[in-house]
Amino acid sequence: EKNDNGGITITDYYGTYLHVHVPDKIDGLEVTEIGALAFSDREKKDFPENRTSFKAHFRFTTKKNIREVIIPDSVEKINSYAFGYCYKLEKVNIPCSLRETGGSIFAFTKIKEIELPKEMTEIDNYAFSYSESLEKITLPDSIEQISHAAFLDCPNLREINVPDGLKRVSSHAFNETGLSDEQIQEFYDKAEDII
């Protein structure tokens, strides 16, 4: 769909590929946004679909088996649950153009390592929650807030840096991770507010 900024928002994926390349342009317009639940196998409550049909069943089976997604540098926003519940998603690039994300964008994935771009300022609620394969995340110094349960139940997460610009961190951001108490305390010591 065309969005309010004059770009394109990817709202859904009907393809059969498990290694997905999001185009940088569609009909001459830049792809600037990945919509809520676009690659998730969960349904949009406002637009329920008949999951008993063959088409719907095939579509949701493909989505939950996606292995890799390549996102173009034109994308500035990834909305809530865009890749949530892609249970077999192992690899995704985060474009340097990304500025804004929604909650649970990579919840329940198999991503092992990820680096966030320099202009991001917030990690939203449940962003990487329940991602048991996540081992390492590199945060830019521009991150000012790490929100509620951002890394909840990521038991293998053992490598993460404290951003220089950190101002607020949730007291539940790192529950049930592989991080030591000392590592978590560094975030609390750096932040101006514990939320």
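## Close-up views of a predicted model

**View 1. An open sheet of three parallel-paired strands, in the order S9-S11-S13**. Residues are numbered from 1 along each chain as its sequence is written, and side-chain values use heavy atoms, with hydrogens and water left out. Strands (E, at least two residues) and helices (H or I, at least four) are DSSP runs numbered from the N terminus, and two strands are said to pair if DSSP finds at least two bridges between them. Strand S9 (113–115) and S13 stand at the edges with a single partner strand each, so one side of each has no neighbour in the sheet. S11 and S13 run parallel and are joined by two bridges, and Ile137 stands opposite Ile160 in S13.

**View 2. A three-strand open sheet with parallel pairing, in the order S2-S5-S7**. The edge positions are taken by S2 and S7, each of which has a single partner strand, so that one side of each is left without a neighbour in the sheet. Three bridges connect S2 with S5, and these two strands run parallel; His21 has Ile70 in S5 as its bridge partner.

**View 3. The salt bridge between Lys63 and Asp12, with the closest N and O atoms 2.5 Å apart**. Lys63 belongs to helix H1 (residues 54–64) and Asp12 to the loop between strand S1 (8–10) and strand S2 (19–21), so the pair ties together parts that are 51 residues apart in sequence. A salt bridge here is a side-chain nitrogen of Lys or Arg within 4 Å of a carboxyl oxygen of Asp or Glu, and the structure holds four of them. Lys63 counts as buried because its relative accessibility is 0%, and Asp12 is likewise buried, with a relative accessible area of 18%; buried means under 20% relative accessible area, exposed over 50%, and partly exposed in between (1.4 Å probe, protein chains only).

**View 4. The salt bridge between Lys91 and Glu68, at 4.0 Å from N to O**. This pair links distant parts of the chain, since Lys91 lies in strand S7 (residues 91–92) and Glu68 in strand S5 (residues 68–70), 23 residues apart. Lys91 is exposed, with a relative accessible area of 52%, whereas Glu68 is buried at 17%.

**View 5. The salt bridge between Glu144 and Lys167, whose closest N and O atoms are 3.9 Å apart**. Glu144 is placed in the loop between S11 and strand S12 (145–146), and Lys167 in the loop between strand S13 (159–160) and strand S14 (168–169), so parts that are 23 residues apart in sequence are tied together. Glu144 is partly exposed, with a relative accessible area of 28%, and Lys167 is partly exposed at 31%.

**View 6. A negative surface patch formed by Glu113, Glu115, Glu135 and Glu159**. Patches are made of residues with over 30% relative accessible area and no salt bridge, with like charges joined within 9 Å. Glu135 is found in the loop between strand S10 (122–123) and strand S11 (136–138), and this residue counts as partly exposed because its relative accessibility is 41%.

Conventions:
This is a predicted model: local features need pLDDT of at least 70, side-chain atom pairs count only at pLDDT 80 or more; totals for chains, interfaces and linings use all residues. Patches are made of residues with over 30% relative accessible area and no salt bridge: like charges are joined within 9 Å, nonpolar side chains (Val, Leu, Ile, Met, Phe, Trp, Tyr) within 5 Å. Accessible areas come from the Shrake-Rupley method with a 1.4 Å probe; for residues, only the protein chains shown count as cover. Lys and Arg count as positive and Asp and Glu as negative; His and the chain ends are not counted. The place of a charge is taken as NZ of Lys, CZ of Arg, CG of Asp or CD of Glu.
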